[in-house]
Amino acid sequence: MRLYVRSLKKIAGTENVVIDVPVTEIVRNVVRVFPTHEVKTVAKYEYELPEEQEHLIEIVKEVALQFGLKLEIIDVGRENVLHRAIQREFEKITLFPTLVSDSGMMLEGTSTKEQIEVYLSKVKKGHQS
């Protein structure tokens, strides 16, 4: 069973980075290369899960443990673009968080503990069949 969440990428600040830039000079058919350095300011990012998704992760972990189900948490916001392209399941998900069973049954959006328990009991029955 997988729980898909999406963290948001936020600018956390900036950082100065030194970049080596070779300069080429041609004098009388002689090529000379001089190392020079440029300093560029680049943005630093951090990922933050919305509070309701963090809360739901804790609830799902607790309930999945009660039902003896394995849970994989996938943060789509941090996933590699290539990996997302390979995973067909991502295409079906439009609302986060989304809980997906191995059989493909989905529970989308913020849910109550009771809704999660009902969903996982159905998943558990599906595994036992």
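Which residue, with a positive phi, follows α1? The residue is glycine 68, with phi near 70 degrees. The model described here is predicted.

## Overall fold

The protein has four helices and six strands. Along the sequence these elements are arranged as β-β-β-α-β-α-α-β-β-α. Of contacts between residues at least 6 apart in sequence, 62% link residues at least 24 apart.

The protein has 129 residues, and 27% of them count as buried. Its accessible surface is about 9200 Å², with carbon and sulfur atoms accounting for 52% of that area.

## Helix α1

Helix α1 covers residues 51-67.

The buried residues of α1 are Gln53, Leu56, Ile57, Ile59, Val60, Val63 and Ala64. After the helix comes glycine 68, the residue with positive phi.

## Nonpolar cores

The largest nonpolar core contains 17 residues. Within this core, the residues with the most contacts are Met1, Leu3, Val60, Leu99, Ile116, Tyr119 and Leu120. At least two core residues come from each of β1 (2-5), α1 (51-67) and α4 (113-128). The element that gives the most is α1, which supplies six residues.

Leucine 3, one of the residues with the most contacts inside the largest core, can be followed in detail. Setting aside residues up to four places away in sequence, leucine 3 touches Ile57, Val60, Leu71, Glu72, Ile73, Ile74, Pro97, Thr98 and Leu99.

## Serine 101

Serine 101 sits in the loop between β5 (98-100) and β6 (106-108). Is serine 101 buried or exposed? Its relative accessible area is 2%, and a residue counts as buried under 20%, so serine 101 is buried.

The side chain of serine 101 makes a polar contact of 2.9 Å with the side chain of serine 103. Apart from neighbours within four places in sequence, serine 101 is in contact with Met1, Arg2, Tyr119 and Val123. Of these, Met1 and Tyr119 are listed among the residues with the most contacts inside the largest nonpolar core.

Terms used:
Residues numbered from 1 in each chain as written. Predicted model: local features only at pLDDT ≥ 70, side-chain atom pairs only at ≥ 80, totals over all residues. Heavy atoms only, no water. Core = buried A, V, L, I, M, F, W, Y, C linked by side-chain atoms within 4.5 Å. Buried < 20%, exposed > 50% of the residue type's maximum accessible area, 1.4 Å probe, protein only. Contact = heavy atoms within 4.5 Å. Polar contact = N/O pair within 3.5 Å; in protein donor to acceptor, adjacent residues only side chain to side chain. Areas by Shrake-Rupley, 256 points an atom, 1.4 Å probe, with all protein chains shown as cover.
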